[in-house]
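Please keep the sequence and the structure in view while reading.

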Amino acid sequence: MPSDCSLGHMPEGSWTFDESVAGVFEDMLARSIPQYEVMREAVTALSDVYMQPNTRVLDLGCSEGGSIAPLVASSRPEQAIDFIGYETSPAMLKRARERFMGFDEVEIIDADLGQGIVDPVIWGSDKKCSVILSILTLQFLPVECRARMVNQCYQLLDEGGALIVVEKVIGPSSELNHTFQQKYQQMKVRNGYSIPEVERKRKALEGVLVPLQASWNVEMLEGAGFSVDCFWRWMNFAGWLALK
């Protein structure tokens, strides 16, 4: 079995993005996130539309940098776009920094987003953000911190800028939520995980990953001032484009 294969990964205790996860992260995402490539391609396509010269692109909870990598690759030096990734996991920070070594336009910053976006360079600069990514990130923050994060994104974006959010969600009723969860677990088994692996991961994520209803996420985004539409949905996963 390849060393970067996530089959057989059995977390102990509460979930953490440690080296055991970082080493198999991309394979884990591909097996665990429904329509993973479709979602990634949609995020990249929308980001390409809204990225503007002489602005910044932020990735909140950038992990290994997979979301901004295609954006960095498609940008040109004369556009003067700065890419900034925020991450708190030491294992992910190390991999992201190695990935973008030699890319002067990319900076990976150690930041606990539970405290909000506190980077003084960002707040003290006249250079606005044209795109902010939050891909499967808000769900790992304390619920009471999420609205503050979304409001900060609104403040940091230039007029016409885009916040792109992807989240796991819960169904609007217990019956629908049970159905979505059941189909999601079956999808992971089809993708190679054993039932004990699926159950161990589910227990490890309890209290660490806390999803909200899709409508609650929309209300939070609209409450910050964004114009919002859903660009992708698969049962208990959803993506939104929020425009300032």
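About 220 Å³ of space lies in the second largest pocket of this structure, which is a predicted model. The largest pocket, for its part, has a volume of about 770 Å³, and the structure also holds 2 cavities of 30 Å³ or more.

- Of the elements involved, α8 gives the most to the lining of the second largest pocket, with 3 residues.
- Sorted by class, the lining of the second largest pocket has 4 charged, 3 nonpolar and 2 polar residues.

**The largest pocket**

- A total of 42 residues line the largest pocket, and those that lie nearest its centre are F17, F25, L136, T137 and F140.
- At least two residues of the lining of the largest pocket are supplied by each of α2 (25-32), α3 (36-50), β2 (82-87), α8 (174-190) and α9 (195-205), and the largest share, 4 residues, comes from α2.
- In terms of class, the lining of the largest pocket has 23 nonpolar, 12 polar and 7 charged residues.

**The cavities**

- The largest cavity has a volume of about 90 Å³, and its lining is made up of S6, H9, P11, M28, S32, K188, Y193, E197, V198 and K201.
- Both α2 and α9 supply at least two residues of the lining of the largest cavity, with the largest share, 3 residues, coming from α9.
- The lining residues of the largest cavity divide into 4 nonpolar, 3 polar and 3 charged.
- The second largest cavity, with about 30 Å³ of space, is lined by L60, S134, L138, M149, V150, C153, L163 and V165.
- Each of α7 (143-156) and β5 (157-170) supplies at least two residues of the lining of the second largest cavity, and α7 gives the most, with 3 residues.
- By class, the lining of the second largest cavity has 7 nonpolar residues, 1 polar residue and no charged residues.

**The nonpolar cores**

- In soluble globular proteins, nonpolar side chains tend to be buried together.
- The largest nonpolar core has 46 residues, and those with the most contacts inside it are I33, M39, F83, L133, I135 and I164.
- When its neighbours within four places in sequence are left aside, I164 is in contact with V43, L46, S47, V131, I132, L133, S134, I135, F231, W240 and L241.

**The cysteines**

- How many disulfides does the structure hold? The structure holds 0 disulfides.
- With a relative accessibility of 38%, C230 counts as partly exposed, whereas C5 is buried, at a relative accessible area of 12%.

Technical notes:
Residues numbered from 1 in each chain as written. Predicted model: local features only at pLDDT ≥ 70, side-chain atom pairs only at ≥ 80, totals over all residues. Heavy atoms only, no water. 1 Å grid on protein atoms, 1.4 Å probe; cavity = no way out; pocket = protein on both sides within 12 Å on 5 of 7 lines; lining within 4 Å. Points joined across faces, edges and corners; volume = space filled by probe spheres on them. Nonpolar A, V, L, I, M, F, W, Y, C, P; charged D, E, K, R; others polar. Core = buried A, V, L, I, M, F, W, Y, C linked by side-chain atoms within 4.5 Å. Buried < 20%, exposed > 50% of the residue type's maximum accessible area, 1.4 Å probe, protein only. Contact = heavy atoms within 4.5 Å. Disulfide = S-S within 2.5 Å.
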